[in-house]
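Biologist: I'm new to reading protein models. Could you walk me through one, feature by feature?

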Amino acid sequence: MKRAFATLLACTLVAATAFAHEDDDDDRDDDRDRNYGERSIDRRLAADANGEVEVSNVAGSVSIEGWNYNEVHVTGNLDSGVKELVFESSGKRTIVKVVTRKGYHRGGGDADLRIRVPKNSRLHANTVSADLTAKGVTGPLDLQSVSGSVSGDFSGGETEAKSVSGDITLRGDGKPGRLILTTVSGTAQVTRAAGEVNASTVSGELQLQMSKVTRARMNTTSGDLNFNASLMPGVKIEAETISGQLTFDLKDTDAEIDIESFSGDIDSCTGPEAKRTQKYGPGTELQFTAGKGTGRIELQSLSGEINICTR
Amino acid sequence: MALGALLAFGVLRMNAPSQTVADAAAPELRYSEANFGTYQALGPEYETARAQLAIGLAERIDRLPPDAQLKIERNLAEIRRALREINVAMALEPDNTMLQQLLLSTYQSELTLLANVNKMAGSIPARTES
């Protein structure tokens, strides 16, 4: 068990080491006496059609759209707490970064930005409290916010969205891809996704509507999970919760199903009834095969209720 | 600030002797340890990574918006409450494989939360009032 966990931890440990020595971005000049004032911006830079665009903002909003031109176009308004907008390009990489005056990253320093990028760009965007929207960008997406909302659409490929308390709302176009969702307490709602998903939350809610699912890994601590999906043959699904509720509504199910809860209820609308694992113990389990059983579905909870419907 | 103290306290407690399940009703914001899965039992790499993350977050947490700090604090407490619940269940069924998996997964959730928040906080400039 420890060996398996060591493997599981490997990625996290690498990430931990990577930023344990990260330098603070605190080398800005003392600008306390300057008055930057409110101003609007309208700037453009040539960009590679398949390049990388990095966007960061603290407060306000960021709206990113993919378009058919090989340039990045930034318009918007900066309030007096914003020191400058860094907008630069080097090789295939374009950076749009709002730099606030000292102390303004926790209040004020709002920038409302509309950014248009080549539609095939690889996009990295992060905010603190600013709401973040990305639409029409078909390249890989990496979107994150601490407390702002994250929303938009995506098209197959790699998509990752992260938040602490902000809600995530994403809409796919039905093309298979790989989706990674992480929240602490925010709700993640995804529609029209396909392919693979890896979703986790502590107390937030996961609402996933997918098609052609080949692999899904989901976990919550106390948050609820609602998974509504059509499945591919050979699918592999794992989901677990401590005290949240797991609800699965599955179509085209062709899998062996293994559900276990230590003290929560298990209910299946189509399969057999759950049975107790021990004569006097609290545990319940439910095992059955849907279709030919080419795939595998494993659901577990400590005290959370598990509901499943297979068709 | 409170969360920083909590995180530092958690790191210090990592080197404390293992608790028994009788301590499961510890105050809400204390780290609890499992009869199977003490932090020490997860290996030195895990302990080191977790200690680094907790210290890093304690140093940087003040950069995050206050409402986000509060939610992080509540959710760390939620994870630790879950760990205590699993410990109680494992006292009843120590050989239950599912409980062992849930325990390890919950430790992983804690580490992931610390790592993600640490990374997010690290990308925000340090607070220096003008």
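Predicted model: local features only at pLDDT ≥ 70, side-chain atom pairs only at ≥ 80, totals over all residues.

Biologist: What share of the contacts in chain B with a separation of 6 or more comes from residues 24 or more positions apart?

Modeller: In chain B, such pairs account for 74% of those contacts. For chain A, the share from residues 24 or more positions apart is 44%, again among contacts with a separation of 6 or more.

Biologist: How do I check the length of a helix, say α4 of chain B?

Modeller: Take 1.5 Å times one less than the number of residues. Helix α4 of chain B covers residues 97–122, and its 26 residues should span 38 Å. Its end C-alpha atoms are 37 Å apart, so the two values agree.

Biologist: Now burial. How many residues of α4(B) are buried?

Modeller: You count neighbours: a residue is buried if 20 or more other C-beta atoms lie within 10 Å of its own. In α4(B), 21 of the 26 residues are buried, so the helix is mostly covered. In chain A, 46% of the 311 residues count as buried.

Biologist: Can we try one residue? Is Ser61(A) buried or exposed, and why?

Modeller: Ser61(A) is buried, because 20 other C-beta atoms lie within 10 Å. You'll find Ser61(A) in strand β3 of chain A, which runs over residues 59–67.

Biologist: What does Ser61(A) contact, apart from its neighbours within four places in sequence?

Modeller: Ser61(A) is in contact with Asp112(A), Ala130(A) and Asp131(A).

Biologist: Last one: how is chain A divided into domains?

Modeller: Domain 1 of chain A is 36–137 and domain 2 is 149–311. Their centres, taken over C-alpha atoms, are separated by 35 Å. Five residues of domain 1 are in contact with five residues of domain 2. On the domain 1 side, the touching residues are two nonpolar, one polar and two charged.

Terms used. Residues numbered from 1 in each chain as written. Chains lettered and ligands numbered in written order. Buried ≥ 20, exposed ≤ 12 C-beta atoms within 10 Å, placed from the backbone. Contact = placed C-beta atoms within 7 Å. Helix = DSSP H or I, 4+ residues; strand = E, 2+ residues; numbered from the N terminus. Domains from an automatic or database assignment. Nonpolar A, V, L, I, M, F, W, Y, C, P; charged D, E, K, R; others polar.
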